[in-house]
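Please read the following report alongside the sequence and the 3D structure, which are shown here.

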Amino acid sequence: MVIGFCCSFSALAAVTAAENSKTNYVVTIESPEDGATFQNNTESVQVTFSISPDLKAGDEVSLLVDGKIDPGSSPGPVQPSKMNINLSSLERGPHTLQVFIKSKGGETLGQSSLITVHQQRPSKLLPPKKS
């Protein structure tokens, strides 16, 4: 008795090639350092990170602030292995930052370690000290 097995070698080869063509990235946030404190919010905070190997066309970079994609962040000059993203209007308090790289299909191909930064601002409740 012969039992049928439906899988062509060309389809199997295409799946294997697609799996092998995906890149697993190593992502490292270079600045700010974990635990960094910013004194006021007059300027944006620049997040600099490196990617290895170089970013491939079609793969997307996202910066998560407090676990959510930050809609207010703007990418700086794009280089295949190093990028900057500027954050503006961080609220007072601690914030977690993490960089993700995803494929067009939404599969996570790499992520950085989670870091925490602190935003400090003068209180609106206390008047400034007079000199």
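At 36% relative accessibility, Glu30 counts as partly exposed, where buried means under 20% relative accessible area, exposed over 50%, and partly exposed in between (1.4 Å probe, protein chains only). This is a predicted model, in which local features need pLDDT of at least 70 and side-chain atom pairs count only at pLDDT 80 or more, while totals for chains, interfaces and linings use all residues. Residues are numbered from 1 along each chain as its sequence is written, and side-chain values use heavy atoms, with hydrogens and water left out.

**Glu30 and its partners**

The structure holds one salt bridge, a term for a side-chain nitrogen of Lys or Arg within 4 Å of a carboxyl oxygen of Asp or Glu. It joins the side chains of Lys82 and Glu30, with 3.0 Å from N to O. Because Lys82 lies in strand S7 and Glu30 in strand S1, this pair ties together parts that are 52 residues apart in sequence. In general, side chains of opposite charge can pair when their charged atoms come close.

The side chain of Glu30 also makes a polar contact with the side chain of Ser50, at 3.2 Å; such a contact is a pair of N or O atoms within 3.5 Å, where within protein one must be able to donate a hydrogen and the other to accept it, and residues adjacent in sequence count only if both atoms are side-chain atoms. Ser50 lies in strand S3, and, leaving out residues up to four places away in sequence, Ser50 touches Val26, Val27, Thr28, Glu30, Ser81 and Lys82, contact meaning heavy atoms within 4.5 Å.

| Residue | Relative accessibility | Class |
|---|---|---|
| Glu30 | 36% | partly exposed |
| Lys82 | 34% | partly exposed |
| Ser50 | 19% | buried |
| Ile69 | 58% | exposed |

Of its 131 residues, 30% count as buried, and residues 24 or more positions apart account for 66% of the contacts with a separation of 6 or more.

Ile69 and Leu97 are 28 residues apart in sequence and 9.8 Å apart in space, C-alpha to C-alpha.

**Confidence**

The protein chain averages a pLDDT of 77, with 69% of the residues scoring at least 70; pLDDT is the predictor's confidence in each residue, from 0 to 100. Confidence is highest in S1, at 96, and lowest in helix H1 (residues 9-21), at a mean of 42. Over residues 1-20 pLDDT stays under 50, and the model has one contact beyond four places in sequence for them. Where pLDDT is low, the predicted coordinates should not be read in detail.

Definitions and conventions:
Helix = DSSP H or I, 4+ residues; strand = E, 2+ residues; numbered from the N terminus.
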